[in-house]
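Open the model in your viewer and keep the selection tool at hand.

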Amino acid sequence: MKIAKLLVSGVALAASVVLVQAQDLQTFDTVEGWDILIDPTIGNGCLINAQFEDGSDVRIGFDREANSGYLWASNEAWGDIEEGASYPLSFSLDGEVYKGEGKGLYIDDMPGVDIPFDSMDFLLAVAQKNIMELSTESGPVMTINLAGTDAALARAIECQEEQG
């Protein structure tokens, strides 16, 4: 499986990341509703990005400089997010729950949370599951359909391999 190949090669996981403005991203491809993009500000790290009907915007990517993976989720309805503040979160992936912490981060004036990850199981679950629900201590804040993520992440891995 290509995702396992990426993880074994060490391109994906470790610490925290810094995301940038959307205008800094370069288009690589589009696969099953997900844009495959290159972020030149983090060593040409590749990512997948999609917007959803509820106004949510989700990015999952690789920061080659930090040797890490990240998920950034945002929604204009989350206007009370503070830049740099920490938020305890949980993800339900078809009922399988992962705990994490996100930092408030605005990209293009859109409030969101940057969530670094260091779990192979988490990345594989995102690729293989159907529904992701993001929750805070107050309850669910986002539920998205993960259709196409497996194909999109596989293409992001190809993108990453082409970056050298």
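Start at the disulfide of Cys46 and Cys159: the link is left-handed, with -70° about the S-S bond. The sulfur atoms of Cys46 and Cys159 are 2.1 Å apart (a disulfide is a pair of cysteine sulfur atoms within 2.5 Å). The structure has one disulfide. Cys46 sits in strand E3 (residues 45-51) and Cys159 in helix H3 (residues 149-162), so the pair ties together parts 113 residues apart in sequence. Helices (H or I, at least four residues) and strands (E, at least two) are DSSP runs, numbered from the N terminus. Both Cys46 and Cys159 are buried (under 20% relative accessible area, 1.4 Å probe, protein chains only).

A note on the source: this is a predicted model, where local features need pLDDT of at least 70, side-chain atom pairs count only at pLDDT 80 or more, and totals for chains, interfaces and linings use all residues. Residues are numbered from 1 along each chain as its sequence is written, and side-chain values use heavy atoms, without hydrogens and water.

Next, select the strands. Ten strands form an open antiparallel sheet in the order E1-E2-E3-E4-E5-E8-E7-E6-E9-E10 (two strands pair if DSSP finds at least two bridges between them). Strands E1 (26-31) and E10 (139-145) are the edges, each with a single partner strand, so one side of each has no neighbour in the sheet.

Zoom in on E5 (residues 68-74) and E8 (residues 110-117): six bridges join these antiparallel strands. Ser74 has Gly112 of E8 as its bridge partner.

Finish at Ser92, in strand E6 (residues 86-93). A polar atom of the Ser92 side chain lies 3.2 Å from the backbone nitrogen of Gly95.

Technical notes
Polar contact = N/O pair within 3.5 Å; in protein donor to acceptor, adjacent residues only side chain to side chain. Buried < 20%, exposed > 50% of the residue type's maximum accessible area, 1.4 Å probe, protein only.
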